[in-house]
Amino acid sequence: MPTRSRDLMHSSAPKPKRPVGVAIIAIVAAAGGLLSLFGGASVLPGMASGPFALAIIVIIFGILGLALGAGFYTGARWAWMAGIIIYVISIGLGISEIVYGGNVGFIGGIIRTIAGIVIPVYLTRPGPKSFFGKGASSPTK
């Protein structure tokens, strides 16, 4: 067995327990992804108002939200940085939804903008960073 595989299987440091906040943002990310898919897809056949290009971008963010939800829940290392980047970018998308998104986009834009601020701030706290393997193994005061 290659050394790298053996090292991964016999890691000496156990994974920290999943913080409750991480479980919550995993659910929020997955639910937001589903709602984004529904909201963006409802514009395509004309069931809701809003620009077609914005609907496509919202659908893409919906897919990313589902992936992030799974990554957050499992504590995937990639999910920490991807979550910060995607949620910061989503602030601009949220503002666009508020301005141009019609009825569905307005509510989604408000939620997306709030999440784009709150989730990255939470992810940079010591407990979540530790869970994703990005900080010290125990939070410091």
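**Labels and their rules**

Tutor: In helix 2, the buried residues are Val22, Ile25, Ala26, Ala29, Gly33, Ser36, Gly39, Gly40, Ser42 and Val43; buried means under 20% relative accessible area, exposed over 50% and partly exposed in between, with a 1.4 Å probe and protein chains only. Helices are DSSP runs (H or I, at least four residues), numbered from the N terminus. The model is predicted, so local features need pLDDT of at least 70 and side-chain atom pairs count only at pLDDT 80 or more, while totals for chains, interfaces and linings use all residues. Residues are numbered from 1 along each chain as its sequence is written, and side-chain values use heavy atoms, with hydrogens and water left out.

Student: Why is the contact of Glu97 and Arg112 called a salt bridge?
Tutor: The rule asks for a side-chain nitrogen of Lys or Arg within 4 Å of a carboxyl oxygen of Asp or Glu, and the N to O distance between the side chains of Glu97 and Arg112 is 2.6 Å, so the pair qualifies. Glu97 lies in helix 4 (residues 77–100) and Arg112 in helix 5 (residues 102–123), 15 residues apart.

Student: What makes Glu97 and Arg112 buried or exposed?
Tutor: Glu97 has a relative accessible area of 5% and Arg112 has 13%, so each falls under the 20% limit and counts as buried.

Student: Why is the pair of Phe72 and Phe132 called edge-to-face?
Tutor: Rings of Phe, Tyr and Trp (its six-membered ring) pair if their centres lie within 6.5 Å, and planes under 30 degrees apart count as stacked, over 60 as edge-to-face and the rest as tilted. The centres of Phe72 and Phe132 are 6.1 Å apart and their planes stand at 70 degrees, so the pair is edge-to-face. Phe72 lies in helix 3 (residues 52–74) and Phe132 in the segment after helix 6 (126–131), so the pair ties together parts that are 60 residues apart in sequence.

Student: What makes Phe131 and Phe132 a pair as well?
Tutor: Their ring centres are 5.3 Å apart and their planes are at 75 degrees, so this pair too is edge-to-face.

Methods
Helices (H or I, at least four residues) and strands (E, at least two) are DSSP runs, numbered from the N terminus.
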